[in-house]
Amino acid sequence: MCGVFGMFLSRPLREDDIALGRQGNELLAHRGPDGQGEFFDIGDGVYLGHRRLRIIDLSERAKQPMTRGKTTICYNGEIYNYAELGADLAAAGVCLGTSSDTEVLLQGWLHWGPAVLDRLDGMFAFALWDGATGILAADLFGEKPLYYSETEDGVYAASEIKVLAELLGSAQALDESRLAAFMALGFVPAPETAYRGIKRVMPGTYLIVQDGKISKTVKYWTTPSGEPGRGPVQQLSEKALDRIQEALVLSVSRRLVSDVPLCLFGSSGVDSSLVAGIIGRDLGADIEMLTIRFKDTAVDESVEAAAMARDVGVEHRIVDGVAQPQDVGWNSLLDLFGQPNDNMSILASLQLAEVARENGYVVGLVGSGGDEAFYGYLKQQFFWRHRRIMALPEPVRLASRIMSPLAPFSSRIRLFLDLVAVPDGERYIAVKNQPAYRALKQIPSMKLWAKYAFAETGTPLEFEVPRIERDCVLPGSQLDSLDLGSMHVGVELRTPFLSRGLFELLANYDPRSFLAFGQKSIGRRLVARYLPKSGAANGKKGFVFPLDQLLAASMREPSVAGLPATVSSEIWKNRFSGSGWGRLAVRLAQADAFVNRTPA
């Protein structure tokens with residue numbers, strides 16, 4: 001796990017280019033406190049800088065940038081199946097000079113070309129130069145971000161957006177479309193960002209750079225989805241669960257490989273319990289589980305987590321975290337994300353990492369990705385339960401607005417009008433932002449953006465929504481909060497559920513079987529194999545940041561160009577009226593802080 005900075009220019013490097021590269025490298029020092037390195041080819045206009053966090057092969061021979069022949073790589077991440085791939089390379093006569101996953105990736109590229117990407121089980125982003133062509137690549141799920149900017153001089157890339165924004169002087173770009181997207185989703189969906197000229201490499205994609213320009217974009221992997229069956233929905237068989245369990249055991253075992261101390265971060269939820277059960281029961285690994293207890297929050301899972309750890313035979317420790325809203329401001333969140341994002345769990349990721357460091361750990365396993373694998377979100381259940389009424393033709397649903405005069409007298413009618421009697425492209429964001437969508441739809445550009453962003457694909461909405469959550473929300477919100485929070489203090493977080501093998505296996509099954517039998521039914525059935533059924537029923541509460549205190553500490557009503565004053569006022573007035581309004585208020589305050597921030 002590291003930091004990458006690179007440039008592929010259309011002209012030879014100058015001294016100021018190398019100085020800029022070194023400055024970019026230094027700005028990523030928090031991601032890689034264990035070492036730094038650089039490669040440059042003055043004539044070809046290439047600079048690659050690297051900050052190293054030592055995880056696999058701690059020796060100097062594994063440092064980066066790493067060069068073999070004419071090819072050099074700067075890589076951030078972990079290739080979990082590097083040992084197997086290394087054996088394949090050795091069998092093909094390739095000589096490896098290190099025991100690092102970096103060399104396996106580099107030699108794999110030299111031996112198999114881009115086809116090596118189809119062999120990887122890992123999280124990664126890398127920049128590669130072969131003497132003639134540059135490559136910028138991102139992993140399958142977007143666990144490791146990589147941002148780039150194509151300028152007149154050439155292409156610049158970095159692991160964090162704020163590095164490019166600062167060094168290139170990139171202008172803020174919360175135009176009408178991006179502002180609508182951010183207010184609806186809580187982030188600007190990739191490949192776009194909140195800065196003009198800066199984009200993100202999409203998951204499962206690599207870019208080819210030639211003569212200082214992006215010549216081609218290649219999508220090398222798309223997350224597969226199962227085909228819905230016909231007739232009555234059947235629960236997955238125990239044999240199918242066996243196969244899923246085997247895939248998870250393999251994924252967890254690979255993610256336990258580390259040359260530095262490693263721990264598990266666990267709550268009492270389904271996903272954490274499943275990972276802990278595999279570690280304790282199937283693998284018998286000697287690993288400690290840490291549970292953070294936040295004294296200033298309403299939720300404390302430490303007692304339940306301790307009982308779970310005891311049941312599965314995993315060593316457990318409760319540690320106290322600190323969550324002080326007065327110490328967190330909107331600019332602090334912008335400093336972490338580099339652009340507006342409403343995912344407050346980045347503060348949890350940061351404190352997880354701080355606790356890990358304080359207790360001597362450099363790597364931690366987390367249960368993120370389980371909801372995407374097993375269709376575990378409540379909104380997905382909503383769309384499944386109401387699939388028939390949601391599938392009614394748009395004119396029929398909109399005609400039901402005739403009931404609007406009755407809405408003040410019936411909460412059921414009001415809910416129906418808010419969530420169902422909306423245009424096709426707006427159904428997902430209406431549910432996501434309930435009950436505050438009535439404010440969002442007053443934003444002038446919202447309707448046009450939603451129609452474009454959620455254009456009808458012909459896929460039933462109950463199956464389209466899990467795809468949106470997996471392919472858009474997961475990398476844009478959930479995984480960014482994990483990466484940027486933990487890497488702020490140089491700690492690697494690994495996610496066993498985000499495994500190519502697991503998702504390709506799950507695509508063999510009827511997706512209805514994941515939705516029809518209750519929230520996270522597959523995960524609960526698997527957990528029941530490790531814990532009493534009562535333990536498997538615990539829902540994840542997670543880290544609850546005292547958001548109301550943070551909002552209360554904001555002394556003025558935010559104002560953002562492009563948002564009608566009436567909309568801003570309505571959002572701010574209702575900021576304590578439930579989680580939907582609270583999330584909108586966070587977005588409003590983040591957008592205000594971003595557009596009105598004085599450049600450094």
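This is a predicted model: local features need pLDDT of at least 70, side-chain atom pairs count only at pLDDT 80 or more; totals for chains, interfaces and linings use all residues.
**Notebook: arginines, sheets and holes**

I began with Arg 494, which is buried, with a relative accessible area of 0%. Buried here means under 20% relative accessible area, exposed over 50% and partly exposed in between, with a 1.4 Å probe and protein chains only. I number residues from 1 along each chain as its sequence is written, and side-chain values use heavy atoms, with hydrogens and water left out.

**Back to the arginines**

Arg 494 sits in strand β17 (residues 492-494). Strands (E, at least two residues) and helices (H or I, at least four) are DSSP runs numbered from the N terminus. I found a polar contact of 2.5 Å between the side chains of Arg 494 and Glu 492. Such a contact is a pair of N or O atoms within 3.5 Å; within protein, one must be able to donate a hydrogen and the other to accept it, and residues adjacent in sequence count only if both atoms are side-chain atoms.

Next I looked up Arg 512, in helix α21 (residues 512-515). Its relative accessibility is 10%, so I file Arg 512 as buried too. A polar atom of its side chain lies 3.4 Å from the backbone oxygen of Gly 229. Leaving out residues up to four places away in sequence, Arg 512 touches Pro 228, Gly 229, Arg 230, Gly 231, Pro 232, Val 233, Trp 384 and Phe 463; contact means heavy atoms within 4.5 Å.

How many of the residues of strand β1 (residues 2-9) are buried? I get eight of eight. Cys 2, Val 4, Gly 6 and Phe 8 point one way, and Gly 3, Phe 5, Met 7 and Leu 9 the other.

I call two strands paired if DSSP finds at least two bridges between them.

Phe 39 is partly exposed at 21%. Its contacts beyond four places in sequence include Leu 48, Thr 72 and Trp 129.

**The open sheet**

I traced six strands in the order β4-β5-β6-β7-β11-β12, forming an open sheet with antiparallel pairing. β4 (66-68) and β12 (213-219) stand at the edges with a single partner strand each, so one side of each has no neighbour in the sheet. Neighbouring strands are turned by 20° against each other on average, direction ignored.

β5 (residues 71-79) and β6 (residues 122-129) share eight bridges, and Ile 73 stands opposite Leu 128 in β6. Helix α3 (residues 101-112) packs on the sheet, touching β4, β5, β6 and β7 (134-138), and its direction makes about 125° with that of β5. For angles, axes are lines fitted to C-alpha atoms, for helices over the stretch in contact, and values run from 0 to 180 degrees between N-to-C directions.

**Holes**

I searched the whole structure and got six cavities of 30 Å³ or more. On a 1 Å grid over the protein atoms alone, a cavity is a set of points where a 1.4 Å probe fits but cannot get out, a pocket is an open set with protein on both sides within 12 Å along at least five of seven lines, and lining residues have an atom within 4 Å of a point. Points are joined across faces, edges and corners, and volume is the space filled by probe spheres set on them.

The largest cavity holds about 130 Å³. Its lining has 15 residues, with Glu 372, Ala 373, Tyr 375, Arg 470 and Phe 503 closest to the centre. Which element gives the most to that lining? α19 does, with four residues.

I then checked the second largest pocket, at about 610 Å³. Of its 25 lining residues, Pro 189, Ala 190, Trp 449, Tyr 452 and Ala 453 lie nearest the centre. α19 (461-487) supplies at least two residues here, as do α5 (176-185) and α18 (446-453). α19 again gives the most, with six residues.
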